[in-house]
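Morning, everyone. Please have the sequence and the structure open while I talk.

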Amino acid sequence: MVGPLRSPLRVTTSINFLGGRARTMGSIKDIVSELGGIPHALGNDASDPRRRPWISTAAPVAEQITERPVVDSSRWEVSDQVRWEEQKVRARQLVEGEGHSSEGGIEALAWYVSFHHNQELWGIYIPLSSLALLDELYLSQLRMDRDQRLGLAWSILLHHEQTHFAVDYACAQFELLLRAPIRREFSNRFRAEPPINGLTGFKPYLRIEETAANAHMLRQLARTESKRTVRTIENFVRLQPPGYREGLDAMSNAAFAASVAETLRSYLAIWAMEYRLDLGSHALNLEWLLPLEDKGALAECPVYAIDDLSQVGVASGSLSLIQCIAEVIELDGFKKQLRKQHNDIQNDWSNCKDRIKVRVPAPPRFEKLKGWKPPTWSLRLRDGHRVHLQPPEPGAGAWRAVAIGNHKEMGHG
Amino acid sequence: MDSDLPALDVEIGRIVVRSWEHEWKTEEKTSSSVASAQRLLPSDFTKPVYDILERGEQYLLRSSLPFLPYDLRIRRANNEWMGFAGQVDWLLEWARLRLHLGELCPGWDNALPQPSAKKGKYGQMLYAPGGDSPIIAGYEVVWQPILPFEGVDLDKLLREFSPRYKAPSIFESIAPAQNYKGPAMM
């Protein structure tokens, strides 16, 4: 379990559990190593990627997350109401701003740091405060409990930022092919003086990439969420700055492919001139260069959760991300019940304890029971059996197994 | 990363759509795309004209790429871009712009607003082109370079990222005006 977060907290999907699909991409480590041989392809950004650009406090701790976490807000507490309200206003201004900087839209809530710019701490950064802000500002009308909404917020931010990683990856492939520093030249152009007179109409961020990122997020969530939930997310997208909001128009296969192609053409334009490449052909399927459907590839991108709740007026520990359960103590009552179970169930529990050391299953296989005090989680075993687990008290590390039985015995109906 | 390839000349510009209908409605002479050009006449009626405009726009899009962050486009100079556009097709479309509006859209004059001229808010006269006018009198899709008459040396845009870039020597760095091997075009 993670929470409260103490050290850098990283979320990646374990490749061991992907099953089936072969990994097709080269590892980022190899790519970075190769890019090192291309002058100017790699650089080191001095800024701390853990620090939210619009909060001027010290960088909070970030922890790498290795699985899609289950969010637990049972200890939710606003410690400074005034500050929390201020942060909500500020977040809304940035998320819905007119797009005058690269820190608006969804990037006000989460961000991707390219391996081109930071080889140590590259990855996706999602502050815990952003989950709460996104929930309070845009998702609170949904008919689901807070933990589910916070989990949805995580998915919204993750899918968007994964698109930026996928674009970064595709750029790197072209860089290796051409031996050219495409990504850093492009980024540098946004900060450098115009190289010639007459260049006007400066746009602070690549709008079409944000269109593609929001479209990918909507397309992914449309597969798993209800229509009402998707409509709510669409309303959130509609409020964002130019580029972001056009994600709504790029949800069809053709429009999404077009947005991806135009994104890559934007990065590659000058180099297409330099190397006499023909990128204008509409028959060219540039969308396939983004590893967005390759779970193994996406798992290569580290995801960090930032514990910044205290910076926004929320008590530290108010939100926990549960990725795995490393230690379980079986209480006496539980042991007694376990002995009465069939061998198959006993074995399943034994195996399950090993599995949850790596990751907890997604809801509803692992879910918090509504209204139970103390907070209790249900973990499903085979043949309708369940284990009830209680999370560790603050300061403790082990979960407690309190009961085991079938659906009826456990009071589930 | 030294390259033996000579630096290309490129053109930087934008695709501009000129339409009398758009000007009539908005008093702006141009729009940035055929799709965003305001319509005055029924779109079914003017479809043959807009089909030509859209094809012309496609050729220009095909042969140029986005040039960010300046919201401009970039293409090869010295007509090299025509290879991508399909030179023959492009010239054919260009020739079609000389067709008369009345030929392409029978009953053109009857469809025009009456009167067919009006004064704009700044006192300028706005005219609806008659059926005996060529399409190009009322509509056009053009590449508008930001620097007329000359291309731009690609090295100028690539800066220190150019494969031909030479870091200034300790002596040159005092006056670092010329860091490129290639000819300076600007």
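I'll go through the contact between the chains, then a helix pair, then the domains.

One reminder before we start: this is a predicted model.

Let's take the interface. On the chain A side, 30 residues are in contact with 27 residues of chain B. Which elements of chain A give two or more residues to that side? There are helix H5, residues 182-191, and helix H8 of chain A. H8(A) gives the largest share, 8 residues.

Is the crossing left-handed or right-handed? For H6(A) and H8(A), it is left-handed.

Now find the residues. H6(A) makes the contact through A:Ile208, A:Glu209, A:Thr211, A:Ala212, A:Ala215 and A:Arg219. From H8(A) come A:Phe256, A:Ser259, A:Val260, A:Glu262, A:Thr263 and A:Ser266.

Over to chain B. Chain B is divided into domain 1, residues 9-152, and domain 2, residues 153-186. How many residues of domain 1 of chain B are in contact with domain 2 of chain B? The count is 5, against 6 residues of domain 2. On the domain 1 side of chain B, those touching domain 2 divide into 2 nonpolar, 1 polar and 2 charged.

That's my tour. Questions, please.

Notes: Residues are numbered from 1 along each chain as its sequence is written. Chains are lettered from A and ligands numbered from 1 in the order in which they are written. This is a predicted model: local features need pLDDT of at least 70, side-chain atom pairs count only at pLDDT 80 or more; totals for chains, interfaces and linings use all residues. Domain bounds come from an automatic or database domain assignment. Two residues are in contact if their C-beta atoms, placed from the backbone, lie within 7 Å. Ala, Val, Leu, Ile, Met, Phe, Trp, Tyr, Cys and Pro count as nonpolar, Asp, Glu, Lys and Arg as charged, and the others, Gly among them, as polar. A crossing is left-handed if the near helix is turned anticlockwise from the far one by less than a right angle, and right-handed if clockwise. Helices (H or I, at least four residues) and strands (E, at least two) are DSSP runs, numbered from the N terminus.
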